[in-house]
Amino acid sequence: MVEAFAVASGKGGTGKTTSTLALGMALAEDHDVTVVDADTGMANLLFHTGLDDVAVTLHDLLVEEDGAAPTDAVYERFGMKVVPCGTSLAAFQAADPERLRDVVADLAANTDVLLLDSPAALGSKSAVLPVVLADRTVIVLQPTIPALSDGLKVQEYARSYGTETAGTLFNRVRDDEGIDRVAEQADRYFGGETLGVIPESDAARAARQAGEPLLAHAPDVPASAAFREAARRLDVRDGASGDVADRFRSAVVPDQV
Ligand code: ADP
Ligand code: MG
C-alpha cells in the first residue's frame, strides 16, 4: 500500500465518479490501483464501468451474515481492481458502515493506491468514513464560488480527522467561466494545488452511457489529457502497506458527524 485517497466534493453530480476512474486509470500505468465505490448510498460507479449486473458488490461485504469475502467484490477492469457498490436502498439500509473500515483495510493490504469514490454529504457515518480513513482527499469542484464554499466544508471536516487535501480538481469547466480567478481563490484556501481543470466534455457523457471510464472510451480528448496531468501532480507517496491497513482497522468511526 502506498496511499489512500478520498475523491470528495460538497455536492453530488460534480464528477467524483468520473474523476475517481480517470485518476485510477492514469495512476494504474505506474501503480497497482484499486477503486472503491464508497458512495454506498448513491452508488453509480457500477454504471461507469459496465458492472451493473455483477453478482457481488461492496454492499454484500457490508452485511454481516452475508459471508462474502472482499475479493468476491473485486473486478479486474480497465487495468485496475474495481469494487462496485449496489444501488438497492434495502441493501444500503442493511449495510453496517463500520464494516466498511475492515473491508477497506483488507483491500488496502493488497494494492498500492486506493481511491475511494466518496459521498457528497457529510450527514452520516457511511458518508464521512471515506474521508476519515483516507490519507488525503482530492476535492472535485465545479468552478463557482458556492461550490468552493461547499468544498471548504469537506476540507475542514477531513482535516479535523487528520486527512489533508491533496488538491482540487475543477470539472465541467466551460471557456467562459473565469476559471483563473476561481482557481486563484481556491489555491488560497485549499490545501495542495489545483491538480487539473477538466473541460466540459461530450466524451465524458458518452463514456458513462457506454459504461466505460473516460480514459478507456476517449483517451485522446482534452479532458482525458487533463486527468492524466492531474494524476501526475498527485505525486503518490510511499508508505508501508501493513501500516495503512492497520491504521484503517484501528480508525475510530465518529459517532457524531
Ligand atoms: P458524481 O459521482 O459526483 O455524482 P459523476 O462522475 O457521476 O458525478 O458525473 C455526473 C454526470 O456528469 C455524469 O453523467 C457524467 O457523465 C457527467 N460528467 C462528469 N464529468 C463531465 C465533464 N467533464 N463533461 C461533461 N459531463 C461530465
Ligand atoms: Mg458518483
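**Figure 1. Overall view of the predicted model.** The protein is built from 12 helices and eight strands. Its radius of gyration is 17 Å, close to the 18 Å that the globule rule gives for 257 residues, so the protein is as compact as a globular protein of that length. Taken along the principal axes, the box that the C-alpha atoms fill is roughly 55 × 40 × 35 Å.

**Figure 2. The magnesium ion (ligand 2) and the residues that coordinate it.** Two side-chain atoms, OG1 of Thr17 and OD1 of Asn44, coordinate the ion at 2.1 to 2.5 Å. Threonine 17 belongs to helix α1 (residues 16-27), whereas asparagine 44 sits in the loop between β2 (33-37) and α2 (45-48), so the pair ties together parts that are 27 residues apart in sequence. Threonine 17 is buried, with a relative accessible area of 7%, while asparagine 44, at 29%, is partly exposed.

**Figure 3. The largest pocket and its lining.** This pocket holds about 560 Å³ of space, and among the 32 residues that line it, Gly13, Thr14, Gly15, Lys16 and Asn44 are the closest to its centre. Two or more lining residues come from each of the elements α1, α6, β7 (164-173), β8 (193-199), α9 (202-210) and α11 (222-234). Sorted by class, the lining consists of 12 nonpolar, 14 polar and six charged residues.

**Figure 4. Helix α6 and its buried residues.** Helix α6 spans residues 125-133, and eight of its nine residues are buried, so the helix is largely enclosed by the rest of the structure. The buried residues are Ser126, Ala127, Val128, Leu129, Pro130, Val131, Val132 and Leu133. Helix α6 is also one of the elements that give two or more residues to the lining of the largest pocket.

**Figure 5. The second largest pocket, lined in part by α1 and α11.** With a volume of about 180 Å³, this pocket is lined by Ala26, Leu27, Glu29, Asp30, His31, Arg228, Ala231, Arg232, Asp235 and Val236. Helices α1 and α11 each supply at least two of the lining residues, and the largest share, three residues, comes from α11. By class, four of the lining residues are nonpolar, one is polar and five are charged.

**Figure 6. The aromatic pair of tyrosine 157 and tyrosine 161.** The structure holds one aromatic pair, in which the two tyrosine rings lie 5.3 Å apart, centre to centre, with 35 degrees between their planes, an arrangement that counts as tilted. Tyrosine 157 is buried, with a relative accessible area of 14%, whereas tyrosine 161, at 34%, is partly exposed.

Figure 7. Most residues other than glycine have a negative phi.

How values were computed. Residues are numbered from 1 along each chain as its sequence is written. Chains are lettered from A and ligands numbered from 1 in the order in which they are written. This is a predicted model: local features need pLDDT of at least 70, side-chain atom pairs count only at pLDDT 80 or more; totals for chains, interfaces and linings use all residues. Side-chain values use heavy atoms; hydrogens and water are left out. Rings of Phe, Tyr and Trp (its six-membered ring) pair if their centres lie within 6.5 Å; planes under 30 degrees apart count as stacked, over 60 as edge-to-face and the rest as tilted. Buried means under 20% relative accessible area, exposed over 50%, partly exposed in between (1.4 Å probe, protein chains only). Donors are N, O and S atoms within 2.8 Å of the metal (3.2 Å for Na, K and Ca); water is not among the atoms, so sites may look incomplete. Helices (H or I, at least four residues) and strands (E, at least two) are DSSP runs, numbered from the N terminus. On a 1 Å grid over the protein atoms alone, a cavity is a set of points where a 1.4 Å probe fits but cannot get out, and a pocket is an open set with protein on both sides within 12 Å along at least five of seven lines; lining residues have an atom within 4 Å of a point. Grid points are joined across faces, edges and corners, and a volume is the space filled by probe spheres set on the points. Ala, Val, Leu, Ile, Met, Phe, Trp, Tyr, Cys and Pro count as nonpolar, Asp, Glu, Lys and Arg as charged, and the others, Gly among them, as polar. The radius of gyration is taken over C-alpha atoms; the globule rule is 2.2 Å times the number of residues to the power 0.38.
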